[in-house]
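I opened this entry to record what I looked up in the model, from its overall make-up down to a single residue.

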Amino acid sequence: MKLSTRIALGAALLVPLLVAAAAALLLPLVNADLHRRQDAQLNDRAAALLPNARALLTADTRGRPKAEQNQQRKVLDAALDAGVRVTAADGTVLLSAGSQPADPQLLPAGGTMTVHQGGASWRVLTVKVNSGATTGTLWVLAPAGAPAEELRAVRRRVLLVALLAAPLSGLIAFALAERATLPLRRLGRRAAALDPQTGHAVFAHTRTGTAEVDELSGAIALLLSRYDEQAARTAHALDTARSFSSAASHELRTPLMSLRTNLDVLSAHPDLPEAERAEILAELQQDHARTVDLLSALSTLARGDLVEVSAFGPVDLAELVDAAVAEAGRRHPRAVFRTELPSEARVFGWDAGLRILLDNLLGNAAVHGRSGDAPAEVDVRLRIEGGTARLTVDDRGPGIPPADRAAVFRRFHRRPDSPGSGLGLTLVAQQAALHRGSATATTRPDSTGCRFDVRLPLLRDHAPTPELPAPRAWLGAPEQPAAKSG
């Protein structure tokens, strides 16, 4: 059932009920007013009759019949259409005229009241009469049916108003409800015609002047925007999963084939010489380590593609670099790490992502920053330059040719003798981009070797929460421009 129809039916039922309720309160008041008006008329009539009633009592006391008859006529003339009864103190009826109960015992001894007999009713006013020499009682009566008839007329009118008000109020309520719900129907048609493929942008929120409809329209627009956001996240997650599967199947093919070949050799030749067996086992261990490293790196790269801004917060980069250098020293005990750090360098960052960046930078320097058989020497410096935290990692290795400095940040790029997965520096570039910074590879300025330069914006007080870069497809796109070569 339409809302306007519900409102119309409700009005059609409610208005007669309100009229009936008003009548229930009004009719007793009208009845009381009619009785007060009748009592006022009785009082006026009694005031007009009282002098003649006194004269009638006086004439009766003195025994003057002619004078008594004259006074009776005067009383009757003054009473007009009212019932009149006059009695002496001893109960002698001096005058009884007009409409009144047949049983005088029903008449009240004083005041005003309504008496009933034989289906008829009278409003009776009792007045004590004092003529000086004697006393008596005057009753003035009026039919009580007149106020009742007026009250019945009022009831009929109220019933007529209630009967007319039901359809009329229903029609008016329906017309008003149809107009009031017009913006709601328009909103419903817009929502029904919405194409999920177009997103929430086409559902522009336009004000209608009706607060409830505007609130509902805003809520729908917000719901659609959240739906689009969740749909985009789901689509991005699916793309990342597909990219992970594709990259893993492509890159794992070689180590898995090597593992299968070496296992076949071992099973087919159980009597291999010890030296050859040891060589095959070493290759198996290398392939296994490469497979584990590759899967771990791909998983970490996928985490970066899927991270949300809610994971970011204030991070002291200086403290994080110090912890990462200590961990790198334990992993590479032969490498020498020297640090130069400020007391504090706060950035808006993802703690786990920054640690991934640092671990891969330091691990790359420890592995590739050696000169001959000498242990790697790595200089780590963090400086504040304006509104930027600049991190440099210098080694004394062979360096990177200028033509390859951009390529080192691409997926699966590695030197032929590299034991890694080819994703370490890709992770560095990804995290730098996620933190709205940059990563570049250059030559160490003071000697031979390589320098990796990472710049991240410092955290500013009362600054709005930054948005993550889009699109993020490091796992799915082999070419990424986020890392700048120097």
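I took helices (H or I, at least four residues) and strands (E, at least two) as DSSP runs, numbered from the N terminus. On that basis I listed 10 helices and 12 strands in the protein. I kept in mind that this is a predicted model, in which local features need pLDDT of at least 70 and side-chain atom pairs count only at pLDDT 80 or more, while totals for chains, interfaces and linings use all residues. Residues are numbered from 1 along each chain as its sequence is written, and side-chain values use heavy atoms, with hydrogens and water left out.

Overall figures. I looked up burial, where buried means under 20% relative accessible area, exposed over 50% and partly exposed in between (1.4 Å probe, protein chains only), and found that buried residues make up 38% of the 486 residues. For contacts (heavy atoms within 4.5 Å), I noted that among those between residues at least 6 apart in sequence, 66% join residues at least 24 apart.

Cores. I then turned to nonpolar cores, each a set of buried Ala, Val, Leu, Ile, Met, Phe, Trp, Tyr and Cys residues joined through side-chain atoms within 4.5 Å. The largest has 47 residues, and those with the most contacts inside it are Leu-317, Leu-361, Leu-391 and Phe-409. Two or more residues each come from α7 (274-306), α8 (317-331), α9 (351-368), β9 (377-385), β10 (388-394), α10 (424-434), β11 (438-443) and β12 (450-457). The largest share, 8 residues, is given by α9. I also noted a second, separate core of 19 residues, which includes Leu-57, Ala-82, Val-86 and Leu-138.

Which residues make the contact between α9 and α10? On the α9 side I listed Gly-353, Leu-354, Ile-356, Leu-357, Asn-360, Leu-361 and Asn-364, and on the α10 side Gly-424, Leu-425, Leu-427, Val-428, Gln-431 and Ala-432. The axes (lines fitted to C-alpha atoms over the stretch in contact, with angles from 0 to 180 degrees between N-to-C directions) come within 8 Å for α9 and α10 and cross at roughly 145°.

Pro-16. Finally I checked Pro-16, which lies in helix α1 (residues 3-62). Is Pro-16 buried or exposed? Pro-16 counts as buried because its relative accessibility is 17%. Leaving aside residues up to four places away in sequence, I found that Pro-16 touches Ala-11, Ala-162 and Ala-166. Pro-16 and Ala-166 are 150 residues apart in sequence, yet 5.8 Å apart in space, C-alpha to C-alpha.
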